[in-house]
Amino acid sequence: MAEWKLKPRDLKLYPHFDQILKTTEIIALVTDPKRVAQNAFFPLLRYTKRWQPFRHPKAGSKPRPKPKERPIRYAARRDAYIFAYYRHLLSDPYEAELKRLSISHCPVAYRRILTDSDKRGGKCNIHFAREAFDCIRKLGNCCTIAIDISSYFESIDHEHLKILWCRLLGVDRLPPDHFAVFKNITQYRVIDRIKAYERLGFYGVKNFTKGGHPIDGYLKPYNKIPKQLCSPSDFRQKILGENKKYDSLVESNKNAYGIPQGAPISDLLANLYLIDFDFEMNELAAGLGGAYVRYSDDILLILPVPALDAKTIMDDMPDRIRKYGSELLIKPDKSSLIQYTSMDNEQDCTVISGKGENGLEYLGFRYDGKNIYLRDSTVSGLYRKITLTARSQAEATIKRYPDKSYTELCRLFNFELFTKRFGRVEDFEPKSSNRRWTFWTYAVRAIEELKPHGKRIRGQIKRLRQHSRRRVNAEIERALLRKAKRSAAL
């Protein structure tokens, strides 16, 4: 097993309930099974990320998409290091089990899978999408079954997970240190971050509306909030409510299923949990001359069978997967069955059921049998990020130049710096580290990897700069209107 190395970027510096540890202390903690078994794990902190998906310009009269939200839960520093280390301990046995079952090619998320051409790099979603589309073209006449598991991480059965964990270690019962990790990733506790910050004096009433209604917000900038949110005594009294003066803010997962998405070990456990399902599906696909692949909760079958046979397999999927956990459910609105038919040197696609008006949507891309495109929701997500960033920077520009007109503010806005977050990057090479990527460079990389079928992607991004400029100008105008309303309310 390779040595576990803690890189500078792995250090946890966000505010939480525990103190910052030195690297030597972190290593001493996580590598001592006795200390891990006795570790008092802190509750996770939770906040909710919300966003409004953009409606695509070609959507016509379709209703605006519903707002989306995702709970983000993150562990205290020392707990996160323990989770990360035990992920490392389980990684090699998991890979060995995949190899033993001959399914190393099936689960592709959260793993470092080397590319054929560059042994130093790992595959990303672009490579996995290309491989799926190549398989479709190679088979010619085939059907694709794409399904999505509803709330996958929250549906993982604890007892089944423990059995698989023991199987990796080759034991009948988890050792005390592994059991402590298992217990705290399944019977996890969580605290709403806003409630904790409010209880500790970092969040509260900042102002009042003209009608006298309170306006809540953070009372300190993020960089002024202490890394250790409170003393152990305040944690016990104000957060846990041990002295009865305060109510406890702790919420416990009392279900027999569910692990928190975002913990450093959760991704590997999510892969491990469906290892026998992966084996079953691979046997099914291979027996029919097709292929099976799973990217976390996204399942894809590519089968050279008639549409009627594919429909029967698709209809059986809910029962097949429920054998591995009673809470595992398929999202009907995110499932699709698409038939591809060879026509000359191209393919024609027909949607048999489910989503996908113009071909298979997979890992951020869409394949219509002729060309590969960025998925509409991928482009919409970009527009949402551009708008949010433009809105924030427009407000900052107005504060910096409070007496300037709209025209002057548009000129003073640092548009070149803004576009570096989304647009072209100088001297970008497709094989550059993804740490330098913007959406533009990501799209360029996709065009290179997916050619010749990915050439249409260039058309999807050619007006990115013009769109960004229009959005910036619109957000400056809106910021000025908000400023005027605030002044009128005083």
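The model is predicted, with local features needing pLDDT of at least 70, side-chain atom pairs counting only at pLDDT 80 or more, and totals for chains, interfaces and linings using all residues. Residues are numbered from 1 along each chain as its sequence is written, and side-chain values use heavy atoms, with hydrogens and water left out.

I start with helix 9, residues 266-273. Helices here are DSSP runs of H or I with at least four residues, strands are runs of E with at least two, and both are numbered from the N terminus. Eight of the eight residues in helix 9 are buried; buried means under 20% relative accessible area, exposed over 50%, and partly exposed in between, with a 1.4 Å probe and protein chains only. Among them are Asp 267 and Asn 271. The buried residues pack against helices 3, 5, 6 and 10 and strand 8.

Next, helix 10, residues 275-287, which holds Asp 278. Is Asp 278 buried or exposed? Asp 278 counts as buried because its relative accessibility is 0%. Beyond neighbours within four places in sequence, Asp 278 is in contact (heavy atoms within 4.5 Å) with Ile 103, Pro 107, Asn 271, Tyr 292 and Arg 294. Gly 287, also in helix 10, is exposed, at 67%. Its C-alpha atom is 33 Å from that of Ile 265, 22 residues away along the chain.

Last, the surface. Arg 70 lies in strand 2, residues 68-74, and counts as partly exposed because its relative accessibility is 43%.
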